[in-house]
Amino acid sequence: MDQEKLQEFEPIFYPESIAVVGASKDEWKFGTRYLRALTTSGFEGPLYPVNPGGGEILGLKAYPNLTSIPGPVDYVIISIPAQYIPDLLDDCTRKGVKVVQMFTAGFSETGEEEGRRLEGEIVKKAQEGGFRIIGPNCIGVYTPAHHMPYGPMEFSGEAGSVAFISQSGGVAGNFIEEGIRRGIQFSKAVSFGNGCDLDSIDYLENLAVDPE
């Protein structure tokens, strides 16, 4: 059971390839900031910017959609308006994506019926498509041993034995940054936002059997 739990979270903390949907030539956009943080942190797997305009972003070939990417995609970072995400998740299913991390907000955290409806729809699509969701409305994961920075933030410390789970992206970012400053070495951290699929209990159960 322990090994199964670790394998389940392997593509979450150690994806082999990442697509960033919402990267653009505007370097201040969060999609581009995610992409830049991955490149500067030394992520070793393939990185795929996804933008309808194609072209090149941060020196990488950009693809107009997920399904046009030639290689497999383990992990997708989403930074586009919420109303476009259901169609994108259909592409995730077709592409065989394993994990979707949504920086995008505008779901149940709004307290509005449309946000709750949309969140229910994306959960259903994930269940049918066989992939997991981190978020929505979150920064995502930090795995320094795998050169995965904390979201769009470009700081990265040495890998260690401390893990940190947070609903809030800001709290996690401040904790990691201050921890690095004080010599705390993290194995993993995650901001899970709304936790519509994976929530704090899921991450705790994984970390409880994680030898790191």
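## Aromatic pairs

The structure holds nine aromatic pairs. To count as a pair, two rings of Phe, Tyr or Trp (for Trp, its six-membered ring) need centres within 6.5 Å; planes under 30 degrees apart are called stacked, those over 60 edge-to-face, and the rest tilted. A pair of aromatic rings is described by the distance of the centres and the angle of the planes. This is a predicted model, where local features need pLDDT of at least 70 and side-chain atom pairs count only at pLDDT 80 or more, while totals for chains, interfaces and linings use all residues. Residues are numbered from 1 along each chain as its sequence is written, and side-chain values use heavy atoms, with hydrogens and water left out.

Let us look at one of the pairs. Helices (H or I, at least four residues) and strands (E, at least two) are DSSP runs, numbered from the N terminus. How buried are the two partners? Phe9 has a relative accessible area of 2% and is buried, and Tyr203 is buried too, at 1%. Here buried means under 20% relative accessible area, exposed means over 50%, and partly exposed lies in between (1.4 Å probe, protein chains only).

Phe175 sits in helix α5 (residues 169–181) and Phe186 in strand β10 (residues 186–191), eleven residues apart. Phe175 is partly exposed, with a relative accessible area of 37%, whereas Phe186 is buried at 1%.

## Charges over rings

Phe13 has another neighbour to look for: Lys188 lies over the face of its ring, 5.6 Å from the ring centre. Likewise, Lys61 lies over the face of Tyr63, at 5.1 Å from the ring centre. A charge sits over a ring if NZ of Lys or CZ of Arg is within 6 Å of the ring centre and within 35 degrees of the ring normal.

## Backbone details in the loops

Where can you find a cis peptide bond? One joins Gly135 and Pro136, with an omega of about -5 degrees. Pro136 is in the loop between β7 (132–134) and β8 (140–142).

Leu58 is not a glycine, yet it has a positive phi of about 55 degrees. You will find Leu58 in the loop between β3 (56–57) and β4 (60–61), and it is partly exposed, at 33% relative accessible area. His147, also not a glycine, has a positive phi of about 60 degrees. His147 is in the loop between β8 and β9 (159–166) and is partly exposed, with 31%.

## The largest pocket

The largest pocket has a volume of about 250 Å³. On a 1 Å grid over the protein atoms alone, a pocket is an open set of points where a 1.4 Å probe fits, with protein on both sides within 12 Å along at least five of seven lines; lining residues have an atom within 4 Å of a point. Among its 18 lining residues, the closest to the centre are Val21, Gly22, Val50, Pro52 and Ile80. The elements that give two or more residues to this lining are α2 (30–41) and α3 (85–95).

The lining divides into ten nonpolar, six polar and two charged residues. Nonpolar covers Ala, Val, Leu, Ile, Met, Phe, Trp, Tyr, Cys and Pro; charged covers Asp, Glu, Lys and Arg; the others, Gly among them, are polar.

Terms used
Grid points are joined across faces, edges and corners, and a volume is the space filled by probe spheres set on the points.
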